[in-house]
Amino acid sequence: MRPASQIEWRDPNFTRIRIARRDLILHRDIAALAPEILRSLSALGSTGESGAGNRKSAFRVQIADTSDIYARRSRRGGLIALLLNDIYLGINPRTQSELALTVQAMNRGVPVVEPMGAIVEWIGPAIYRGFFLTRAMPGMTLWEFLQADDDPMVRSHVLEQARAAIETMHAKGLWHADLNLHNLLVTQAGDSFTVMILDLDKSRLYDSPLTPAMRRANLARLARSARKLDPAGKHLDSAAFAILKLE
């Protein structure tokens, strides 16, 4: 299977802006607030506050006269993070690729949090830092939810919603590069709950549904995440694995 081609950035909902060394692609709802957004992002981390997510890199940003947004700073994992942390190399910034893919996935009906933009700060030739922006939504990650709620009926319902979101993602041709319990957002939908997909960095979007082998590989990654976070099975027992169709 070959990935689908990325959308062209002629999407009427987004605007390209250049401010000094920064390239911004922003949703039209927040494009006029670009300078304020940059000021807010520059202040992140100055108080020593840790962000959300498994790399503590996502921050809620309040912008005047508009809905809040979440800003996720691109940050490396693994041993390379000791050397480069939030510095990336290349002329095709990953945050812009993620934005293009996320918009296309949303248009297909994949339950993703609404993307609001991508920001690239060039610190040298083909050397950059990046931010990915989404509309802020109330809720918590699936891992946080499982630790906080001990009602078996509610937990089963939320796990079923997580499975449904993953099945929709696969049916729409989206292969998630880092499917884990931190990248599934539990949020309210009326009087119930629903689950949204987060963080499509390095993910792939195909023109047809994923093959069974690709689905199994994605679910195997989710299972590894669950066992790593909860090795004793305190929050994710065999029944929870069965609901999520994990092995």
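The model is predicted. The protein contains six helices and twelve strands. Of its 247 residues, 46% are buried.

**Overall picture**

- The protein exposes about 12,800 Å² of surface, and carbon and sulfur atoms supply 51% of that area.
- Consider the contacts between residues at least 6 apart in sequence: 64% of them join residues at least 24 apart.

**Nonpolar cores**

- The largest nonpolar core holds 33 residues.
- Which residues have the most contacts inside this core? They are Leu142, Leu159, Leu174, Leu184 and Leu236.
- Several elements each supply at least two residues of the core, including the helices α2 (94-108), α3 (142-148) and α4 (152-171).
- The strands β10 (184-189) and β11 (192-197) also supply at least two residues each, as do α5 and α6 (238-244).
- Helix α4 gives the most to this core, with six residues.
- Another core lies apart from the largest one and has 19 residues, among them Ala34, Leu38, Val61 and Met116.
- Back in the largest core, Leu184 is one of the residues with the most contacts.
- Leaving out residues up to four places away in sequence, Leu184 touches Met140, Thr141, Leu142, Ile166, Leu179, Val195, Met196, Ile197 and Leu222.

**Helix α5**

- Helix α5 covers residues 212-229.
- It has 18 residues and runs 26 Å from its first C-alpha to its last, close to the 26 Å expected at 1.5 Å a residue.
- Which residues of α5 are buried? They are Met214, Asn218, Leu219, Leu222, Ala223, Ser225 and Ala226.
- The cover over these buried residues includes α4, β9 (174-175), β10 and α6.

**Ser225, a residue of α5**

- Ser225 is found in helix α5.
- Is Ser225 buried or exposed? Ser225 has a relative accessible area of 12%. Buried means under 20%, so Ser225 counts as buried.
- Leaving aside neighbours within four places in sequence, Ser225 is in contact with Leu179, Asn180 and Leu181.
- Ser225 and Leu179 are 46 residues apart in sequence, yet their C-alpha atoms are 8.1 Å apart in space.

**Thr102, a residue of α2**

- Thr102 has its place in helix α2.
- Its relative accessibility is 4%. That value is under the 20% cut-off, so Thr102 counts as buried.
- Setting aside neighbours within four places in sequence, Thr102 is in contact with Val112, Val113, Pro115, Phe132 and Leu200.

**Aromatic pairs**

- How many aromatic pairs does a search of the whole structure find? It finds three.
- The ring centres of Tyr88 and Tyr128 are 5.9 Å apart, and their planes meet at 25°.
- Why is this pair called stacked? Planes under 30 degrees apart count as stacked, and 25° falls under that limit, so the pair of Tyr88 and Tyr128 is stacked.
- Tyr88 lies in strand β5 (residues 88-89), while Tyr128 lies in strand β7 (residues 127-135).
- The pair therefore ties together parts that are 40 residues apart in sequence.
- Both Tyr88 and Tyr128 are buried.
- Ring pairs also link Tyr88, Trp122 and Tyr128 into a cluster.

Methods. Residues numbered from 1 in each chain as written. Predicted model: local features only at pLDDT ≥ 70, side-chain atom pairs only at ≥ 80, totals over all residues. Heavy atoms only, no water. Helix = DSSP H or I, 4+ residues; strand = E, 2+ residues; numbered from the N terminus. Buried < 20%, exposed > 50% of the residue type's maximum accessible area, 1.4 Å probe, protein only. Contact = heavy atoms within 4.5 Å. Core = buried A, V, L, I, M, F, W, Y, C linked by side-chain atoms within 4.5 Å. Phe/Tyr/Trp six-rings, centres within 6.5 Å; stacked < 30°, edge-to-face > 60°. Areas by Shrake-Rupley, 256 points an atom, 1.4 Å probe, with all protein chains shown as cover. Expected span 1.5 Å × (residues − 1).
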